[in-house]
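Please open the model in a viewer and keep the selection tool at hand. The stops below are given in the order in which they may be selected.

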2 protein chains.
Amino acid sequence: MAEVVVRNKQVILKDYINGYPKESDMVVTSDATICLELPENDGGLVLTKNLYLSCDPYMRSRMSRATEASYLDSFTPGSPILGYGVSRVLDSSHPNFKKGDLIWGLINWEEYSLIKDTSSLIKIQHTDVPLSYYTGILGMPGMTAYVGFYEICSPKKGDTVFVSAASGAVGQLVGQFAKLFGCYVVGSAGSQEKVDLLKNKFGFDEAFNYKEEQDLNAALKRYFPNGIDIYFENVGGKMLHEVLRNMRLNGRIAVCGMISQYNLDQSEGTRNLFLLVTRSIRMEGFVVFQHYHKYSKFLEMIMPLIHEGKITYIEDTVEGLENAPVALIGLFTGTNVGKQVVAITHE
Amino acid sequence: MAEVVVRNKQVILKDYINGYPKESDMVVTSDATICLELPENDGGLVLTKNLYLSCDPYMRSRMSRATEASYLDSFTPGSPILGYGVSRVLDSSHPNFKKGDLIWGLINWEEYSLIKDTSSLIKIQHTDVPLSYYTGILGMPGMTAYVGFYEICSPKKGDTVFVSAASGAVGQLVGQFAKLFGCYVVGSAGSQEKVDLLKNKFGFDEAFNYKEEQDLNAALKRYFPNGIDIYFENVGGKMLHEVLRNMRLNGRIAVCGMISQYNLDQSEGTRNLFLLVTRSIRMEGFVVFQHYHKYSKFLEMIMPLIHEGKITYIEDTVEGLENAPVALIGLFTGTNVGKQVVAITHE
């Protein structure tokens, strides 16, 4: 039987970058080819057709030369970007996956993949929701919101909760989890459209556009006259300085990310940290990779909420792999409204 | 019967201060007088002869106009400094205290006190140790080390522990608690004499003089080639930046104080905070005042250790109330070796 070899469109990182990523830092090529049959005598491989790609802020650090502050290894210049995605299995020599399965996990930004490192792949069990949800609410960002809010924040009913980057993939879920838990929730975002979403769609008690606030401290005092019990930190920088000033005794800060810092050569120093002492504040970072063993428990919690319409989830989808670079860089200027997804193909 | 009125030497804060405290910011006067008999018909008062005073870094913030980062209210200019001390009860109309009792708690820096707010006073039960210990190992700093290490640090046997300001009242105890717990312990201090104490007297595995290190990151890597599990933070500033770079996954930072920042108009920004995320670090501040209900449990732990010689405690004592200002300001340049105590009188 003749091998089926096809062209395989890919998004390649040209070289390590500094500062804000630009569209020209990546190139979309059709130079590569891929054989759509598994090599013989080589077990443990999964051949996929890739459907949806996830654009996540953490990916920025992999686009630079690794530093001690990196989550993960750098991408390899000249090779495809790697990120979370949803795929259909075309063929498999791995016992956990078979032809026709749907999976989510780390995949190259390309149309088809021959996956050797299958450690991140999870078989999708529930297909009565949009498959793209596995890049977000049912994937890494969903688990991040779940672990971050329920475990790291140690919430109590009635707590006052502030979420930054609140309309993003993680923030929108944290805010809704907090409301369901009986907290007072305020979110910040970077446009009026996002603020409206937070208040009208996600049910935040209040929301504000941080770009329109001359004085973030005053803004926070307006919405939290008695202070903040829980801060879900996605942005870092100036917002963190001002939030610290508004934290209450025994407050908790879950440090999920600091998107304002990712494109700086040197991170801004955080002032006001002494307030951790005088107000007995716990500030705790976390990476979701350490918590994936809780995924099935998470699904048990989240699936009924989705089916009963008790939780809302907004995606911002671009069509086509050729538009993936623009979608990714848009995260850092806030052009996306909701979770940024790339649809490679609708099967 | 004629009232017994005596002169009462006091240490007065002249005015709110900025920057490093100077001897001239305080004045020792004998202008005041005190009646050594309790007023009649006025219950709940305790009249004391004051024996030992404690010099503690946290007192610095009370010498300035209160800010949002303050632990406690400011001192009142023109009035005596207030701090922890040990006193003998000369007379009492409070049911918990009687003539002859020894107490520790918050007392004015003066020879005799008529104490109306008795809420901080604790009756001393064990007198088979130096009474001055109740300003330190058996008082607020001891409780601070106890709560900070055993609760906030969540230690595990074999953890690598770094303590800054390690020869101070709190640091010397944290290091010894950590050694008793089965940890590897390194301390930093500001002189060779202190470094020798840490290694030879307190049993730290290693110690270094931070003033002689050109590169704190390199120094930390020398003593922690595989990173730090627990950092007991007493100093803040540059040390914290560099420690963050050397923390291990799931590390814990107990933020007890930041003495390097107390005399600055604006605190230094802390860089490298994003490492909290990528290494899942918990950074937790605490104030001991919230934990005093554990004091009797603490005594049960610490008294046998003292009696069996399993714990060592070093004090740096100056004689006489007139030397209290110099003793207090010396904390901020590190002139004290061990816990700084002022002995007003040896009964």
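A salt bridge is here a side-chain nitrogen of Lys or Arg within 4 Å of a carboxyl oxygen of Asp or Glu. With that rule in mind, please note that the model is predicted, and begin at the boundary between the two chains.

**First stop: a pair across the interface**

Select A:Arg245 together with B:Glu68. These residues form a salt bridge, and their closest N and O atoms are 2.3 Å apart. Between chain B and chain A the count is two salt bridges. Polar contacts across this interface, with both residues at pLDDT 80 or more, amount to 16 residue pairs.

Next, colour chain B by secondary structure and look at the side that touches chain A. Helix 6 (237-245), strand 14 (247-255), helix 7 (275-278) and strand 15 (282-285) of chain B each supply at least two residues to that side. Sorted by class, the side of chain B that touches chain A has 17 nonpolar, twelve polar and seven charged residues.

**Second stop: the whole interface**

Now select every residue of each chain that touches the other. In chain B, 36 residues are in contact with 36 residues of chain A. The area buried between chain B and chain A is about 3,000 Å², and carbon and sulfur atoms give 58% of that area. Which three residues supply more than any other three of the area that chain B buries against chain A? They are B:Glu68, B:Phe274 and B:Val277, with 22%.

**Third stop: the axis**

Superpose chain B on chain A. A rotation of 180° with 0.0 Å of shift along its axis does this, with an RMSD of 0.0 Å. That is the relation of a two-fold axis. To find the axis from chain B, select B:Gly269: among the residues of that chain, its C-alpha comes closest to the rotation axis, at 1.9 Å. Of the interface residues of chain B, 100% are also interface residues in chain A, so the copies meet through the same surface.

Select A:Asn272, in the loop between strand 14 (247-255) and helix 7 (275-278) of chain A. Although A:Asn272 is not a glycine, its phi is positive, about 70°. Is A:Asn272 buried or exposed? A:Asn272 is buried, with a relative accessible area of 19%, against a cut-off of under 20%. Then move to B:Asn272, which lies in the loop between strand 14 and helix 7 of chain B. There too phi is positive, near 70°.

Among the buried residues are A:Met140, A:Met143, A:Tyr146, A:Phe149 and A:Ile152. Just after this helix, A:Ser154 takes a positive phi of about 40°.

**Last stop: A:Arg62**

Finish at A:Arg62, in helix 1 (residues 59-62) of chain A. A:Arg62 is buried, with a relative accessible area of 9%. Beyond its neighbours within four places in sequence, A:Arg62 is in contact with A:Leu72, A:Asp73, A:Ser74, A:Phe75 and A:Leu82. A polar atom of the A:Arg62 side chain lies 2.8 Å from the backbone oxygen of A:Asp73. For a further distance, pick A:Thr76: A:Arg62 and A:Thr76 are 14 residues apart in sequence, and their C-alpha atoms are 8.8 Å apart in space.

Methods:
Residues are numbered from 1 along each chain as its sequence is written. Chains are lettered from A and ligands numbered from 1 in the order in which they are written. Side-chain values use heavy atoms; hydrogens and water are left out. Helices (H or I, at least four residues) and strands (E, at least two) are DSSP runs, numbered from the N terminus. Buried means under 20% relative accessible area, exposed over 50%, partly exposed in between (1.4 Å probe, protein chains only). Contact means heavy atoms within 4.5 Å. A polar contact is a pair of N or O atoms within 3.5 Å; within protein, one must be able to donate a hydrogen and the other to accept it, and residues adjacent in sequence count only if both atoms are side-chain atoms. Copies are superposed by least squares on the C-alpha atoms of residues with pLDDT of at least 70 in both. Buried area is the accessible area (1.4 Å probe) that two parts lose on being put together, summed over both. Ala, Val, Leu, Ile, Met, Phe, Trp, Tyr, Cys and Pro count as nonpolar, Asp, Glu, Lys and Arg as charged, and the others, Gly among them, as polar.
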